[in-house]
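Subject: Structure handover

Hello,

The structure is pasted below, and my notes on it follow. Please read them alongside the coordinates.

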Amino acid sequence: MKLSAFLEINPFVPSEQIFVDDYSLEAYNAMGFGELEMGMELPEGFKLQPPPLGLGGWWKYLSNVANVSPVPSETVTKEQVIQAVSKLSGTFVVNGKDVVYQWNDVIPGDTADLGEVMAAIREA
């Protein structure tokens, strides 16, 4: 249901290219992703800035974030939700079965350099 809401909000994202881990977080852990911890220091020179969404983009984000965010339920505990939203992620370029580029975020907002990602895509 949350995936359907995400895809409806982001129609440019091909549904066959989406991977969603479950609350065991096995895939995230296998890729070496860390966890956000309270009091983490920012990497040297890193400046956390909000994305340039503009007024319309921020409205879209704020009016939809609850529809795609994990929440406790009969099958998902509060602890599982906290662990899931604390998990960091990253960016991948995959060619067949090979990961040809991987970036692991150090903190939320520490995203891959778009030029590097595009270069990896062109070389893949």
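**Salt bridge**

Lys87 and Glu35 form a salt bridge, with 3.9 Å between the closest N and O atoms. The term is used for a side-chain nitrogen of Lys or Arg within 4 Å of a carboxyl oxygen of Asp or Glu, and by this rule the count comes to one. Lys87 sits in the loop between H4 and E1 and Glu35 in the loop between H2 and H3, so the pair ties together parts that are 52 residues apart in sequence. Lys87 counts as buried because its relative accessibility is 12%, while Glu35, at 33%, counts as partly exposed. The classes are: buried, under 20% relative accessible area; exposed, over 50%; partly exposed, in between (1.4 Å probe, protein chains only).

**Basis of the values**

This is a predicted model, in which local features need pLDDT of at least 70 and side-chain atom pairs count only at pLDDT 80 or more, whereas totals for chains, interfaces and linings use all residues. Residues are numbered from 1 along each chain as its sequence is written, and side-chain values use heavy atoms, with hydrogens and water left out.

**Overall layout**

The chain has five helices and two strands, in the order α-α-α-α-β-β-α from the N terminus. Helices (H or I, at least four residues) and strands (E, at least two) are DSSP runs, numbered from the N terminus. Taken along the principal axes, the C-alpha atoms fill a box of roughly 45 × 35 × 35 Å. Of the 124 residues in the chain, 18% are buried.

**Largest pocket**

The largest pocket has a volume of about 2,600 Å³. A pocket here is an open set of points on a 1 Å grid over the protein atoms alone, where a 1.4 Å probe fits, with protein on both sides within 12 Å along at least five of seven lines; lining residues have an atom within 4 Å of a point. Grid points are joined across faces, edges and corners, and the volume is the space filled by probe spheres set on the points.

The lining of the largest pocket consists of 48 residues, and Phe6, Phe19, Tyr28, Ser89 and Gly90 are the ones nearest the centre. At least two lining residues come from each of helix H1 (2–9), helix H2 (26–30), H3, helix H4 (78–86) and strand E1 (90–95). H3 supplies the largest share, six residues. By class, 29 of the lining residues are nonpolar, 12 polar and seven charged. For this count, Ala, Val, Leu, Ile, Met, Phe, Trp, Tyr, Cys and Pro are nonpolar, Asp, Glu, Lys and Arg are charged, and the others, Gly among them, are polar.

Leu62 belongs to helix H3 (residues 54–68) and counts as exposed because its relative accessibility is 57%.

**Single residues**

Leu25 is not a glycine, yet has a positive phi of about 60°. Leu25 lies in the loop between H1 and H2 and is buried, at 5% relative accessible area.

Val117, in helix H5 (residues 114–123), is buried at 11%.

Regards
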